[in-house]
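Please look at the sequence and the model first.

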There are 4 protein chains.
Amino acid sequence: MSQLRVTVWNEGVHEKTHEEVRKVYPDGMHTVIAEALRKHGHSVLTATLDEPDHGLSDTVLAETDVLTWWGHMAHDKVEDRIVDRVHKRVLEGMGLLVLHSGHFSKIFKRLMGTSCDLKWREANERERIWIIDPSHPIADGLGDSFVIPHEEMYGEHFDIPAPDTLVMVSWFQGGEVFRSGACYQRGQGRIFYFRPGHETFPTYYQPEVQQVIANAVKWLAPVGRTPMQYGHRPNPLEPLG
Amino acid sequence: MSQLRVTVWNEGVHEKTHEEVRKVYPDGMHTVIAEALRKHGHSVLTATLDEPDHGLSDTVLAETDVLTWWGHMAHDKVEDRIVDRVHKRVLEGMGLLVLHSGHFSKIFKRLMGTSCDLKWREANERERIWIIDPSHPIADGLGDSFVIPHEEMYGEHFDIPAPDTLVMVSWFQGGEVFRSGACYQRGQGRIFYFRPGHETFPTYYQPEVQQVIANAVKWLAPVGRTPMQYGHRPNPLEPLG
Amino acid sequence: MSQLRVTVWNEGVHEKTHEEVRKVYPDGMHTVIAEALRKHGHSVLTATLDEPDHGLSDTVLAETDVLTWWGHMAHDKVEDRIVDRVHKRVLEGMGLLVLHSGHFSKIFKRLMGTSCDLKWREANERERIWIIDPSHPIADGLGDSFVIPHEEMYGEHFDIPAPDTLVMVSWFQGGEVFRSGACYQRGQGRIFYFRPGHETFPTYYQPEVQQVIANAVKWLAPVGRTPMQYGHRPNPLEPLG
Amino acid sequence: MSQLRVTVWNEGVHEKTHEEVRKVYPDGMHTVIAEALRKHGHSVLTATLDEPDHGLSDTVLAETDVLTWWGHMAHDKVEDRIVDRVHKRVLEGMGLLVLHSGHFSKIFKRLMGTSCDLKWREANERERIWIIDPSHPIADGLGDSFVIPHEEMYGEHFDIPAPDTLVMVSWFQGGEVFRSGACYQRGQGRIFYFRPGHETFPTYYQPEVQQVIANAVKWLAPVGRTPMQYGHRPNPLEPLG
């Protein structure tokens, strides 16, 4: 696997407005995710909502193999023209890793076609993430399950299309389950949804979580192919007799 | 299976503007599809683009179990508020049967999240539709394959999400293949895409095609259940200890 | 939906050898399952291991639309020739509902191709079964989840092929999750695996469990079609030019 | 991607008994496949039916990351104990690439659980293989489709489980279609079925076919993980309260 060009996108609002979050991620959670991916050998940029074009210019996206997305408070502040741009790039082959509350982002809802709604609770409860597909590269280096000591609960029904591959399912202390690691193909691109981590917990510092994110980035790498051709084919490939 | 309430939606433009189409479907193709479904015992309404709300008022949709959709020339004339309304009803459980050029309708693209693009050619060529999943109710009453003598070609790559179930694949004389019968679940609703028929051919009069449409309507019937609940669950179901 | 012919198969050993089980199912658990299905309008026979051909003669199977299977202690006592016979009938279109410890039956392992192994624990713990696909007929009449007060735990990884459709996931008090309702197509037949119920608990008397079993039987109904044709096709359908 | 250890298995009977086949593959088709994989940087062994243990000792299999399988005339000569051994290794994580008439091999039928039957015809006809999933690594480096000038026809219905991912569909001159590139997960291992090539044609010399085989081998690489744990878990992970 050669080095991939990853852009880590973060809304970056909680870290400025909530003291509790700033304590956990003083430089923004994007810096923690970016650092983890650099340790795994990737070339990483970061981008945030408050930059021009939200940091996602045509040039940046053209040079991005995999985009990671965390948002929560400000989904509606993401401009539609940028969503269109990201959507187009995913269908062209750019990988997209959607994290946690990104389930309600415009780009994820656009790509899924459903409400992406779910049940949730903030009660600092324990989450156990179980591996459902042990043959999958996103499960590389993991055991049968791993624990996140304190997390927000996300519960089923999660209103997404049935994943092409379901890699992980979460157990929550309060009684719920959740499809926590879900793979999709859309156009020439791939999407992975990964459920953790809530902004008030140090989830993205946890080694297993970083391992999954690094594995996912590799799995999301674009395939080296010419673009598919669409539209009018006036000439049959075979004689019509 | 009790009687289902089906609304057959048709753009209805070709039949008015193209003499060639009017000869095939003098009363609009919706009347032919509706009649076929009535013969299979369903309660059927029709609706067209030029009616108020395109014939799809809240009341009509609330009383529709399955909506069928044919459009082509006027996809852009379908109002977004009606698309929103249909989208909401599908997620609530209404079945949706998308026919032929409906692949480019707003509602199908919204539900799929992809471009829904494909290759096409109008050369009156032969199509053979092969059954891929013989256990599926939509294949009820069919043989190994059936032939449509003259059709427009639709060829892969068809830019849709991988179907939850692929029921049929088409062979075309000119050298292409196509995923012609594709099942999806979205929210509490179900979607079936069925590839035939082009407006200049008498495809919807063909018994096998009518059989597939009637089978699909049955498969698309809403499940009798209470709506799923979403949102904040402050109280855990189990003690957090 | 017309009346289906269901054969309820039970190993029937625990009920004879374990006083604890006899108390729960004095006439065998097959009688409880059969009675539930009769209430839902089906025509039901029962068959057990100790009958000639285990009660599964060619005639019985030929007249069975859906076979339900519960076994545990005596999987190895099921004769291979009967397994062959059931396997053949499933591929021909007979539905198969595999219950609980039937995950280790010869017929289920034959159809899955994997070890069908899992984690398990008998600790009388609580199971919550969550609906993952609310559009599915097997979820008809159910809420978001239901509870079985006391059950054996089955935990992931469950070594099965990824289900064609995953309808339910279980949460267990002791920390595990499990794919509890899994749909498969094999040949012209369909298979549903449903996780509950352990022989020492009155699980099959529970209304929600009976509802799922009745729903599953309907979903498993064979499609009315001619058998697919296989083998040598010396004559092309189209001219080879 | 580090170098993978591939074992190319060939029945190797046609090449000895049919002059027509010997002309195409004078040293056996395994040597051609092996050479193609070596050019793509892999470490390749070959093994054939007539060797002790069919060349598949425990040691060989333990040191094999991906096994490729071609057989036809002598499926029944493959010893069950070797099939058991290969089956076990696939579930442990070894990749398996099943080629062409290997669809009827004992190991493929064991892993699929179905008859694996199909339609066939030897008429030297043209095959066009269309890419259905352009995001898939097995489609790396390919265009929209490629042609094999002369091949045996395989036609639907192909009696396999619905693939986890369908990558390619074939068009045949004589009127049939076929699911030609099919991905499966079984246990910790992965399986790819690739339809070409018949023994009397130089299919395995064709660059696109070699590209698919090399891509498939990479996709089939085992994941570096500890084996999943199964069986009795007497101690709950969470307090049962």
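To compare copies of a chain, they are superposed by least squares on the C-alpha atoms of residues with pLDDT of at least 70 in both. The model discussed here is a predicted one.

**Chain C and chain A**

A rotation of 180 degrees, with 0.0 Å of shift along its axis, brings chain C onto chain A with an RMSD of 0.0 Å. Among the residues of chain C, the one that comes closest to this rotation axis is Trp171(C), whose C-alpha lies at 3.3 Å. The contact between these two chains draws 19 residues from chain C and 19 residues from chain A. On the side of chain C that touches chain A, β5 (119–131) and β7 (165–172) of chain C each contribute at least two residues, and the largest share, four residues, is that of β7(C). Sorted by class, the residues on this side of chain C are ten nonpolar, four polar and five charged. Because 100% of the interface residues of chain C are also interface residues in chain A, the copies meet through the same surface.

**Chain B and chain A**

Chain B, too, is superposed on chain A by a rotation of 180 degrees with 0.0 Å of shift along its axis, at an RMSD of 0.0 Å. The two copies are therefore related as by a two-fold rotation axis. Here it is Gly113(B) that, of the residues of chain B, comes closest to the rotation axis, with its C-alpha at 2.6 Å.

In this contact, 36 residues of chain B meet 36 residues of chain A. The elements of chain B that each supply at least two residues to the side touching chain A are α6 (106–112), β5 (119–131), β8 (177–186) and β10 (231–232), and β5(B) gives the most, with five residues. This side of chain B has 14 nonpolar, twelve polar and ten charged residues. Since 100% of the interface residues of chain B are also interface residues in chain A, these copies likewise meet through the same surface.

Strand pairing also links the two chains: strand β5 (residues 119–131) of chain A pairs with β10(B) in the parallel sense, over two bridges. In β10(B), His232(B) is the bridge partner of Trp120(A).

Two packed helices are described by the angle between their axes and the distance between the axes. The table gives these values for one helix pair in each of two chains.

| Helix pair | Angle between axes | Distance between axes |
|---|---|---|
| α3 (29–39) and α7 (207–219) of chain A | roughly 65 degrees | within 10 Å |
| α3 (29–39) and α7 (207–219) of chain B | about 65 degrees | 10 Å |

In chain A, α3(A) and α7(A) are therefore roughly perpendicular to each other, and their crossing is right-handed. The residues that meet are Ile33(A), Ala36(A) and Leu37(A) in α3(A) and Gln210(A), Ile213(A), Ala214(A) and Val217(A) in α7(A). By class, this contact has six nonpolar residues, one polar residue and no charged residues.

In chain B, the angle of about 65 degrees makes α3(B) roughly perpendicular to α7(B), and α3(B) passes α7(B) in a right-handed crossing. Ile33(B), Ala36(B) and Leu37(B) of α3(B) make the contact with Gln210(B), Ile213(B), Ala214(B) and Val217(B) of α7(B). The residues of that contact divide into six nonpolar, one polar and no charged.

Methods. Residues are numbered from 1 along each chain as its sequence is written. Chains are lettered from A and ligands numbered from 1 in the order in which they are written. This is a predicted model: local features need pLDDT of at least 70, side-chain atom pairs count only at pLDDT 80 or more; totals for chains, interfaces and linings use all residues. Two residues are in contact if their C-beta atoms, placed from the backbone, lie within 7 Å. Ala, Val, Leu, Ile, Met, Phe, Trp, Tyr, Cys and Pro count as nonpolar, Asp, Glu, Lys and Arg as charged, and the others, Gly among them, as polar. Two strands pair if DSSP finds at least two bridges between them. Axes are lines fitted to C-alpha atoms, for helices over the stretch in contact, and angles run from 0 to 180 degrees between N-to-C directions. Angles under 35 degrees count as roughly parallel, over 145 as roughly antiparallel, 65 to 115 as roughly perpendicular and the rest as oblique. A crossing is left-handed if the near helix is turned anticlockwise from the far one by less than a right angle, and right-handed if clockwise.
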